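Colleague: Hello! Could you walk me through this structure, one question at a time?

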Amino acid sequence: MSSSDSDHDRDHDRDRDLTSRSAAGLAAAVRSGEVSAREVVDAHLARIEALDGSVHAFLHVTADGARARADALDAQRRSDGPESLPPLAGVPVAVKDVLCTRGVPTTCGSRILEGWLPPYDATVVARLEASGAIAVGKANMDEFAMGSSTENSAFGPTHNPWDLGRVPGGSSGGSAAAVAAGFAPLALGTDTGGSIRQPAALCGVVGVKPTYGRVSRYGVVAFASSLDQVGPFARTVEDAALLLEAVWGHDPADSTSIPTPCEPILPGLERGVAGLRVGVVRELTEVDGIQPEVSAALEQAVKLLEQAGATLDSVSVPSAIYGLPAYYLIAPAEASSNLARFDGIRYGLRVVPGEPGSANAAAMNGATRHAGFGAEVKRRIMLGTYALSAGYYDAYYGQAQRVRTLIIRDFDRAYEHFDVLLSPTTPTTAFPLGDKVDDPLAMYLSDVCTIPTNLAGAAAMSIPAGLDGSGLPIGVQVLAPGLGEAVMFRVARALELGFGFAARARPGGPA
Amino acid sequence: MSELTREQVRHVAKLARLDLSDDELDRFTGQLAGILDHAARVSALDTDGVPPTAHPFPMVNVLRPDVVKPSLDRDEVLACAPDARDGRFRVPRILEDEA
Amino acid sequence: MTPPEPSTPSTPSAPTTPSETDAPDTIEVGLDGHADGWELVVGLEVHVELATATKLFCGCANEFGQEPNTNVCPVCLGLPGALPVLNELVVEYALRVGEAFHFDVPAQSVFARKNYFYPDMPKNFQTSQYDEPICLGGHLDVDGVRITITRAHMEEDTGKTTHVGGGGRIHDADFSLVDYNRAGVPLLEIVSEPDIRSSEQAKAYASELRATLEAIGVSDVKMEEGSMRVDANVSVRRRGSDGFGTRTETKNVNSIRSLGRAIEYERARQIEVLEAGGRVVQETRHWNENDGQTHSMRSKEEAYDYRYFPEPDLVPVAPTPEMRAAVRAAMPELPAARRDRLVAAWAITERDAAALLGTPGLADYAEAAVSALEALEALEALAVDGARGGSPRDIVNWVNGEIAGHLNETGSSPAALSLAPAALAELVGLVAAGTISRNQAKDVLGEALADGRRPARIVTDRGLAQVSDESSLGSVIDGILAANADAVAEYRAGDDKARKKKRGFFMGEAMKALAGQGNPQVLNRLLDEKLEGNG
């Protein structure tokens with residue numbers, strides 16, 4: 001090659017610059033012509049190539065498709081002008097591998113779906129494409145979104161970019177790590193019990209679980225249908241709002257999609273929090289084993305919001321402590337049914353046991369599921385099947401659904417006095433890989449603060465709130481009533497300004 | 001509530017159409033008992049007269065018009081299948097009492 | 001609740017042989033439910049495929065007989081990520097059924113997942129309704145007896161499996177092939193109470209149910225194509241006992257007649273088991289049309305555990321007063337009312353009216369033919385040559401006779417007949433006008449059914465028209481009487497018996513002379529006139 005070392009350094013610096021910019025900044029730069037969409041995509045692909053070997057945020061990188069899409073957008077800008085570009089034109093995005101992408105492998109982190117090419121796009125994937133955002137790859141995840149560390153991926157864990165010896169959280173660990181590592185400024189994940197917020201907290205990025213029904217679930221491989229919700233990851237609150245506004249809204253293909261119009265977030269993002277009433281949820285703050293630095297970060301968040309003019313008080317949501325046990329009945333029950341379709345007949349893996357020709361369909365089903373599912377998925381299928389089975393339904397699933405009603409009522413009462421609520425996102429910062437793999441219950445406890453929101457169907461998001469003594473990110477959680485995204489984002493924005501995290505901190509790890 | 005036997009676990013695995021090794025059976029019996037112990041805490045709450053929540057946002061009558069939309073291309077559908085023949089999905093023989 | 005419904009075996013039931021068709025419905029145990037100290041108890045579960053354009057939860061076409069796996073999409077194939085959206089016409093049809101059978105329609109009904117594994121079910125759960133169905137507590141009056149209908153609920157159909165090798169039998173097959181075109185087709189399951197006490201009553205109930213479903217336009221109710229499937233829950237008990245015996249569920253009954261046979265078989269079998277000191281096993285049994293027996297499919301002794309729970313991907317159905325009022329306003333005439341109307345308007349018997357309504361499409365066919373007949377009479381001047389007169393009763397006689405017979409033989413449906421209702425009216429007109437005799441009309445009908453030619457055309461083609469012209473018939477008679485003067489004299493001198501004999505002779509000679517085409521009524525009248533009057 002003829003390029004000199006200094007050319008190479010210049011390219012490298014430029015790539016670093018592009019991969020640390022916000023989505024809003026990149027979209028503006030592409031629109032203005034400062035950079036082409038192709039340059040933006042190439043910079044991010046180069047960073048993925050250089051660093052994802054150690055992070056393993058992606059299961060599948062769609063480099064060719066991304067470049068082709070970038071070239072098409074650049075051509076569109078030349079022929080039809082910058083105004084013709086959609087809002088996120090040229091912005092790379094990582095897509096959790098639980099979202100169906102037509103003709104692109106979609107595995108959900110499972111052997112049972114290895115090699116499957118969906119014949120259709122999820123609604124959010126289609127909307128992403130329409131927004132001009134460019135999918136650069138399918139992000140790693142806990143198998144079928146069951147897990148809190150991404151160690152349950154059948155294709156190997158993702159490493160936390162802040163400390164490669166630690167987990168990125170889960171189940172959307174690949175999405176969180178991709179954004180933290182600068183592989184893409186945006187990512188989509190799903191959150192069933194905290195699977196966006198918990199990895200966002202552990203990776204030092206913003207993660208949003210929107211109101212249930214706000215974002216279409218069509219084409220999202222189901223874990224627990226009444227709890228699953230798609231949401232954005234970003235390094236800034238504004239970017240998270242941009243991505244959410246690009247994909248949310250009513251979808252007639254999802255019967256649980258809310259038809260009422262979405263109140264835009266961005267226009268009011270900078271309105272501040274003066275006069276807002278913020279409640280700190282006692283039950284989610286005083287959890288067992290909470291790391292002192294996490295409590296300290298929450299206290300700092302309280303001070304920041306008070307300084308910004310909000311009224312802070314503590315509030316009790318008594319039934320919230322029953323969220324975790326209720327969740328571990330409801331989610332596995334729904335999952336046991338949702339995952340029944342993986343039987344080796346229509347798609348994915350098939351394992352035929354015994355002598356050739358001797359097997360029957362049922363034996364094939366059982367062997368396929370045995371070989372295709374990992375331990376955590378099997379555990380939850382078993383748990384859910386048991387919770388629904390004759391004689392146990394009322395005591396387990398039925399009771400959990402009634403507890404759900406109580407949690408909703410308690411939150412409703414809290415929101416009579418408060419506009420938003422506040423809590424830690426997770427009790428601790430990122431834990432070492434392998435720490436909890438043999439103790440499912442300990443792993444489940446890392447979702448104790450995030451689960452109640454899923455049961456209530458409400459909105460919540462995690463904001464970076466500094467680093468602990470080991471240099472690991474801490475998250476705080478802003479909770480809002482259903483459809484309360486706009487006010488939730490205002491509070492998140494105020495915390496972002498107060499903590500100054502996005503402006504100052506970058507993962508030191510692989511970069 | 002949490003007295004889970006190995007036989008019960010075996011029965012549940014059968015319902016779930018999931019082969020388990022002896023090792024898995026042993027491991028899951030212990031682990032599921034522990035998780036169920038924790039989950040059984042929900043029974044501590046008094047829920048008399050409390051209706052269950054199936055949907056966080058109650059809606060009714062989400063309906064679509066009876067209008068035909070294009071189906072998938074059969075070749076694309078069958079290309080996903082582990083085994084197909086004569087335009088159909090091929091499976092090992094089915095026992096009558098499988099269900 | 002219904003047990004899982006395994007795929008229909010690939011081997012279609014062989015067509016019934018004539019000897020079987022002629023065999024009596026009953027085995028010696030007895031016709032009614034009370035013979036031999038045993039009482040029969042029957043409840044029927046009827047699955048009806050709804051005649052919508054699309055499936056229950058997706059926009060794939062709901063069509064019978066397409067190439068395998070061509071009417072499939074992510075939703076009905078159960079692809080990961082796909083979600084159901086309920087077809088509004090299915091709800092409307094369910095509400096029509098609610099009206100027709102006097103059901104309560106609760107304020108809210110809910111879909112549930114019925115979880116079990118079977119290769120014909122893409123998600124390995126069936127989306128159905130469980131404890132909150134759309135219709136509860138209806139009834140149907142059959143021959144003066146009220147049969148309570150427990151419930152009607154919406155659910156999706158399964159795909160179809162074909163078993164290859166091993167003679168097509170499921171168990172011995174080498175492998176099976178699955179077609180999901182039928183998966184997701186909307187079904188309504190209508191479950192009766194065990195109120196039925198005889199096979200005749202079961203047949204009458206199923207027949208009336210079918211006629212009603214046909215009348216309200218929700219299904220094409222073809223039992224032979226599986227768009228109406230009747231499963232019979234049968235038990236017996238000692239007469240006078242209040243409790244119920246152990247029941248069996250018999251599937252694969254492909255006609256109303258087979259339903260009666262299957263119930264009678266089951267009854268006799270169960271009584272035999274019990275009288276030998278045995279015990280009836282609760283199980284699903286399969287009716288075999290060929291050997292006229294039911295066969296055990298699988299034991300229900302190990303109860304199924306379907307793990308029902310509310311379908312989280314769908315929201316409840318809450319029929320509004322407006323939805324219900326619209327359905328009520330559009331309700332068509334139901335079979336009972338239609339029977340009464342036809343009996344009164346056409347002067348036919350109850351039995352004739354019931355027969356018309358007992359075959360899907362037959363009453364519509366008859367009504368169309370009667371309309372055509374009335375139009376023919378109104379336009380007599382323009383009518384096909386010689387076709388006028390005739391009554392609705394004549395139409396009904398043909399429809400319930402030759403035409404019903406033809407449908408039975410060919411397995412065709414009235415709508416598919418090559419003889420249009422107007423053509424039948426024409427035939428009746430030709431007979432009424434004396435253009436052809438009733439016996440000739442039978443031949444004409446046969447040809448018309450075979451090749452679709454109009455009756456008038458067949459009459460012309462074959463030169464069948466009767467000679468009704470009085471002057472030509474008169475001259476024929478004159479010639480015969482003149483040539484047989486002796487016989488005329490004997491006639492006039494003879495007693496009644498002798499006169500009758502001679503008269504038959506003169507008619508025979510006249511018909512011979514006319515090559516069988518003389519109009520017998522006119523000939524009779526002219527003969528009388530010439531022998532009695534001025535002759």
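Colleague: Which residues does A:Phe144 touch, not counting residues up to four places away in sequence?

Modeller: Contact means heavy atoms within 4.5 Å. By that rule, the neighbours of A:Phe144 are A:Cys108, A:Ser110, A:Ile112, A:Leu113, A:Val221, A:Phe223, A:Leu339, A:Phe342, A:Phe373 and A:Val377.

Colleague: What should I know about the model itself?

Modeller: It is predicted, so local features need pLDDT of at least 70 and side-chain atom pairs pLDDT 80 or more, while totals for chains, interfaces and linings use all residues. Residues are numbered from 1 along each chain as written, chains are lettered from A and ligands numbered from 1 in written order, and side-chain values use heavy atoms, without hydrogens and water.

Colleague: How many residues do chain C and chain A bring to their contact?

Modeller: The area buried between the two chains is about 2,600 Å² (accessible area, 1.4 Å probe, that two parts lose on being put together, summed over both). Within chain C's share, C:Pro80, C:Leu83 and C:Arg307 supply 23%, more than any other three residues. As for residues, the contact takes 30 from chain C and 37 from chain A.

Colleague: Which side chains meet in a salt bridge?

Modeller: A salt bridge is a side-chain nitrogen of Lys or Arg within 4 Å of a carboxyl oxygen of Asp or Glu. Across the interface of chain C and chain A, the rule finds one. At 3.0 Å, N to O, the partners are A:Arg217 and C:Asp313.
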